[in-house]
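Got your viewer open and a selection box ready? Let's walk through this one stop by stop, picking a few things to click on along the way.

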Amino acid sequence: MKTKKVAAILLAAVLALAACGSDDDEGAGTDEGGGASLEAPPADTEATLRVWLNGPDTPDEMIDMAKETFKEQYPDVTVEVERQEWDGIVDRLTNVLPTEDSPDIVEMGNTQAQAFEAAGALVDLSSARDELGGDDLVDSLVEAGTYDGSFYGVPYYGGARIVVYRKDLFEASGLSIPTTMDEFVAAGKKLQADNAATPNFSGIYFPGRNWQATLSFIWDAGGDIAVNEDGEWVGELDSPESVAGLETVQDIMLNANQAPADTDDAEDFLAFCNGEVGMLMGPGWKMGQITGEDGCPGKYDAVLGAFPLPGSDGEVAPSFLGGSNLGISAESQNPGLALAFLKVLTDNPYQTAFAENGLIPVRKSLLGEVQGDEAAEAQAEAAQITRFVPSSENWAEVESGTILHDMGAAIAGGADVQEEATRANDAVVAILNGN
Amino acid sequence: MYRRRWPLNLVAVAVMVVVAFPVYWMLVTSFRPNSQIRTAPRFLPIGTLDNYRAVFERDHFWSSFANSLQVTLLTVVFALFTAFLAAVAVSRFRFRGRLVFLVVVLLVQMVPAEALMISVVKVLEGWSLRNSIAGLTITYVAFVLPFTVWTLRGFVGGVPRELEEAAMMDGSSRLRAFFTVTLPLVAPGLVATGIFAFIQAWNEFTFALVIMDRPERETLPVWLQAFNFGARGTDWGGVMAGSTLITVPVIVFFLLVHRRVAAGMTAGAVKG
Amino acid sequence: MTAVLSAEGTGTPPVLPDSRRAGRSRRPRPARSRAGLLPYLLLVPALAALGAGLGYPMVRLVVMSTQEFGLRQQFGAPAPYVGLDNFAEIFGDPYFWDVLRRSLVFCALNVVLTLVLGTLVAQLLARLGTVMRTGLSVALLFAWATPALTATIVWQWIFDARYGVVNWLLTRLGGDFEGHSWLSQPLSFFFVGTLIVVWMGVPFVAFTLYAGMTQIPNEVMEAAAIDGAGAWARFRDVTWPALKPLFIVLAALSTVWDLRVFTQIFVLQQAGGITRETNTLGVYAYRTSAGNDFGLGAAIALVMVGITLLATLFHLRQMFRQEEV
């Protein structure tokens, strides 16, 4: 009996040690956080500001520029910018944002932001919205950064989707840049027929899992993923309009395309470099990727062109807006300073630099400044009409459940469009409504 | 048994080829320029050193290497020591809670680690051990213990208790006998589980990703992720070069310890 | 567990393992000694490590499985108690049963293949000369040491529809495999998956069994050979009984791991196929947690523990029967 008691006491001690090692938050929420307000602190403040920026998207020069600008306002504040990888960022944010160790400013993909906003991970910036750009901010990015009427996620940069094409193949087939959706599809089929000798050739490279591109077709046909009616999400994927859009997609996938049905578009530039692609749909930086060191520099540089996906009505087709939002962690000790830095990042000079780097600035007034090559211009045009996924905190689950991926892969494989649309629709609606 | 070994050798070579082929492929790919990797297969490991250059030039390679080395060696040492003691306790003694301990340990092994993630991080955070070598080591030791204990238990059971008793009759304490007599005889088991623990800790990704989120604290597998640009594709050459380099320390560790297995063979030939 | 040597040294034939039990019953010596506090002290480090690293998380796992625990709760919102609702949701979902069935079949296949091949390779290791043995060991070690992520990627390339070696080879051998996708159909997807998991599991089994075999003293093996026993008889009567306990441990552990398998399947899924048709338990659990439903994820984890316990029940009974020697 004695030994059993000893064992029990030992076990309890160990568990107690572990338990008291982890502070269970007692109702910590946005107000508990840094404690300080959003007021701009005095110019002689000494502090360290930690900022997480993801991926290679923000060039180093721009970060330096932002730091210098900020130093003029707050000479005694050190800004530490830590580069994070996109892969796994959600896991990291989920685990670091509730802790004292949290960075002050974090970058989230616009499809990821809603979940964090709803969870109370970020500071409410509604009061500072005007200072950050107000109505000049691009609408769909603001939508991604807004939850339940409050503004948490400041738009950082955007990206619209464009079509990259081979001018020489167009010429050989006697094609000009399509101005309507029908012309686009026809051009794809003509390229496919004319280049049948090239193995694995795709008039329009359309892998099944490229859901962002698929969305353009759904939206163009008048459909959507889901709409929020009085707090309840109603599915639209199986509507006649959506299905019509999906049938166009399947038409392309089966008749003008030889991309694998079950892959995504991450490696489409490789197929392009192998000479297997007439047109592909991708983000604005796709052209740069093809001509860059990872692609085939020099091979197709002279014959690359870009244009925005044309819609059925002659305007551009609604484009999926990629991009990211910045938030201030609720655990930040310096929300006022963080806000001041955010203002630098959303201000004209910084955002203009984005425009010069081929990304979409978040200020509508700067959309015209997007310059550079054809890709940048095509992107600016495509950005005129952008749409976004349902802004729901549960969207993360739709992505982790790969519902749209599976639907696309099945359709690309020739499955019945209505069936797949209905299946995907039911799954999406169930998730969005929190079931 | 000792004559006519060549058919056996032939089989061995065939097995080697099948087993090592993917590793060879990884090596070959690490020498190909990125633009050529996703094209027709090439079989010779020649090409460019650009990928390796990219690996060494990328930020934090050496700090990640140091972090990985520290965490892994500490994990191996602590896990083996702790597991040996536990294995001895469970094999040589009858006490209340013995079976309970074994079952609990096995249950721990059965839980999918990812489900424990947010709780583990919370615990470490409470002790301010996030982004620390100690924090990650504790986690890894806890994860490899079940397997190590169960396996060493089998090896300890294989050592005749008469040997310890003989040592005790010579005046040694029971505890000392375990270290002077039993420990050397379970050397093969220690090697096998040591290699296992090494590989687990060295290659672990999921927990390292979240526990070590500051760039200067990352371990190698997490650092390797930097070559994956998500939507922009992946620097496959870098991934393969990095992975090849990452397997080198494991091979070194193995070569250092594997001769103990043979030593164990002769030590096992002890007359009762 | 091992062959005990003839303690008498009188030239009697070597004592084979089973007689150890017989010997036991002749000697009035208890299997283990009762030695007060020492065993507990020996366990303290292990308990401390397990408790510190996983004690509280385990408790929390059980608690969370009875709660509605999402991202909000991670950030401090209170977690409503929902009793067994999470479990009801799991068992009531027909998709879960699909995943379960798939996982059980996959696991069984992989465990059997890994163990059989692992044993054969261990035998091979035992019979080779030093040079070849080191060579094979290094090859096996490379396979074992390669990070799971990288290994899966390389295997996936080998089976790539466009640029893979397998299709290249098969086309050259005359088959029509140009552009054949190995991942789009679930059956073929799991064929590749099995190849990867078994390939990664065999070295470990082989090494451990080989280490176990080295505990069998040479004299016993030689004596059996001198007695005229053939290779199979030697295996059956000397090697197998000695290895059996170790083998059962490996079988149990392989079952646990292969039921839980995550990285290989997840990475393959990213490369191709229709995810819904290839989810196994480990990936299914992860996708649920990644969807920020940690309560449900915890419940799935516990269900997996339960299933694994059932799957390893046989092994556990065997192991504990050995204990009562």
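Before clicking, one term: buried means under 20% relative accessible area, exposed means over 50%, and partly exposed is in between (1.4 Å probe, protein chains only). Keep in mind that this is a predicted model, where local features need pLDDT of at least 70 and side-chain atom pairs count only at pLDDT 80 or more, while totals for chains, interfaces and linings use all residues. For finding your way, residues are numbered from 1 along each chain as its sequence is written, chains are lettered from A and ligands numbered from 1 in the order in which they are written, and side-chain values use heavy atoms, with hydrogens and water left out.

**Stop 1: chain A as a whole**

You are looking at 17 helices and 15 strands (DSSP runs numbered from the N terminus: H or I of at least four residues for helices, E of at least two for strands). Its radius of gyration is 24 Å, close to the 22 Å from the globule rule for 435 residues, so chain A is as compact as a globular protein of that length. That radius is taken over C-alpha atoms, and the rule is 2.2 Å times the number of residues to the power 0.38. Along the principal axes, the C-alpha atoms fill a box of roughly 80 × 65 × 45 Å. Of the 435 residues in chain A, 59% are buried.

Now colour by charge. Chain A carries 22 positive and 76 negative side chains, with the centres of the two sets 7 Å apart. Here Lys and Arg count as positive and Asp and Glu as negative, leaving out His and the chain ends; each charge is placed at NZ of Lys, CZ of Arg, CG of Asp or CD of Glu.

**Stop 2: salt bridges inside chain A**

A salt bridge here is a side-chain nitrogen of Lys or Arg within 4 Å of a carboxyl oxygen of Asp or Glu. There are 26 of them over all chains.

Select R423(A) and E420(A), whose closest N and O atoms are 3.4 Å apart in a salt bridge. Both sit in helix 17 (residues 417–432) of chain A, and because they are three residues apart, about one helical turn separates them. How accessible is E420(A), buried or partly exposed? At 5% relative accessibility, E420(A) is buried, whereas R423(A), at 36%, is partly exposed.

Next, pick R83(A) and D60(A), which form a salt bridge at 2.9 Å, N to O. This pair links distant parts of the chain, 23 residues apart: R83(A) is in strand 2 (residues 77–84) and D60(A) in helix 2 (residues 60–73) of chain A. Both are partly exposed, R83(A) at 30% and D60(A) at 48%.

**Stop 3: crossing between chains**

Select E276(A) and R162(C), a salt bridge with its closest N and O atoms 3.6 Å apart. E276(A) is in the loop between helix 10 (268–273) and strand 11 (277–283) of chain A, and R162(C) is in the loop between helix 7 (148–158) and helix 8 (165–172) of chain C, so the pair joins two chains. E276(A) is buried, at 8%.

Then show R50(A), E82(A), D101(A), E125(B), R130(B), D213(B) and R214(B) together: they are linked in a network of salt bridges.

**Stop 4: chain C**

Finish on chain C, with 16 helices and zero strands. Of its 325 residues, 59% count as buried.
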